[in-house]
Amino acid sequence: MTEHARAVFAFTFALTLALASSVVAKEPTADDIIKKYDSLMGPLAFESDNTMTATREDGTTRSYEMHMLKRDTDKFRVYFTGPASVKGQEILRIGDNAWVYLPNLKRATRIANRESFQGGDFNNADVLRVNYTADYSGTLAPSDSPDTSCVQLKAKHQETAYDAVTLYVRTSDLLPVRAKYFGTSGKLIRSAEFADVKELSKGFTRPSRIIMRNELVPARKSELVVKAMRLDVDVPPQRFTQTDLGK
């Protein structure tokens with residue numbers, strides 16, 4: 001082999017190794033996927049306007065208008081602004097505890113994470129508690145599509161919405177695409193599609209619509225749509241107290 005040929009071979013070999021290392025370095029880990037999901041679907045602080053439409057077994061629908069506030073990882077408040085039958089209702093979450101405030105009774109009642117959110121197919125924790133880093137441990141799993149990565153999530157404690165979750169994200173940017181949710185028996189009980197990716201706030205792009213399907217009652221589904229979102233808002237701490245409900 002000539003000196004020139006050896007030089008070309010050495011350069012080609014080094015370039016191949018560099019490219020291989022680059023590919024390996026870009027492979028997302030389970031923690032990468034979980035952290036990205038939390039940052040997109042449960043930002044540390046935000047204010048948003050949302051609608052949820054629940055489709056029942058008989059094909060009828062019911063829609064809700066909501067204003068949401070979040071501060072830190074464990075404080076969440078929802079104001080229902082429509083329809084008239086629920087206007088004035090509020091939900092408050094502080095840490096592992098959550099309450100629903102009913103204006104006609106002028107008091108708050110405890111609710112559980114795994115209870116239905118306003119009778120739809122989202123659980124309360126699906127809406128009020130998006131913190132997969134704290135709630136689940138994850139491992140990478142084979143994906144059924146070359147464009148997505150898959151992570152299997154297992155609950156760390158009983159405060160989670162589900163016992164296990166299979167989450168699929170776009171490999172290119174880790175945006176969530178779909179998910180499967182399992183109960184303690186291991187049975188598939190819900191599935192979700194994350195759709196309508198858009199810039200909701202300057203520099204903040206994520207799916208703006210989540211379609212949650214009831215796998216036990218296929219005729220049922222619920223859609224949660226983010227109409228507007230503002231990040232890094234400074235909501236006063238007193239807004240996340242029971243004494244502030246109804247005010």
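A polar contact here is a pair of N or O atoms within 3.5 Å; within protein, one must be able to donate a hydrogen and the other to accept it. Keep that in mind as you click through this predicted model.

**Stop 1: Asp121**

Select Asp121 and look at the loop between β6 (107-111) and α3 (124-128). Is Asp121 buried or exposed? Its relative accessible area is 1%, so Asp121 counts as buried. Now show side chains: the one on Asp121 makes a polar contact with the side chain of Asn214, at 3.1 Å. The Asp121 side chain also reaches the backbone nitrogen of Lys221, again at 3.1 Å. Setting aside neighbours within four places in sequence, you'll find Asp121 in contact with several other residues, among them Thr55, Arg190 and Met212.

**Stop 2: Lys221**

Hop over to Lys221, which is partly exposed at 29% relative accessibility. Which residue does Lys221 form a salt bridge with? Pick Glu223: the closest N and O atoms of the two are 3.7 Å apart.

**Stop 3: helix α2 and Asp32**

Next, color residues 30-41, which make up helix α2, and find Asp32 there. The helix has 12 residues and spans 16 Å from its first C-alpha to its last, close to the 16 Å expected. Its buried residues are Ala30, Ile33, Ile34, Tyr37, Asp38, Leu40 and Met41. Asp32 itself is partly exposed, at 36% relative accessibility. A polar atom of the Asp32 side chain lies 3.0 Å from the backbone nitrogen of Thr29. Then select Leu174, which sits 142 residues from Asp32 along the chain, yet their C-alpha atoms are separated by 8.5 Å. Leaving out neighbours within four places in sequence, Asp32 is in contact with Glu27 and Leu174.

**Stop 4**

Side chains of opposite charge can pair when their charged atoms come close. How many salt bridges does a search of the whole structure find? It turns up 21.

Finish on Arg71 and Asp72, whose salt bridge has its closest N and O atoms 3.9 Å apart. Arg71 is partly exposed at 22%, and Asp72 is partly exposed at 34%.

How values were computed: Residues are numbered from 1 along each chain as its sequence is written. This is a predicted model: local features need pLDDT of at least 70, side-chain atom pairs count only at pLDDT 80 or more; totals for chains, interfaces and linings use all residues. Side-chain values use heavy atoms; hydrogens and water are left out. Helices (H or I, at least four residues) and strands (E, at least two) are DSSP runs, numbered from the N terminus. Buried means under 20% relative accessible area, exposed over 50%, partly exposed in between (1.4 Å probe, protein chains only). Contact means heavy atoms within 4.5 Å. The expected span of a helix is 1.5 Å times one less than its number of residues. A salt bridge is a side-chain nitrogen of Lys or Arg within 4 Å of a carboxyl oxygen of Asp or Glu.
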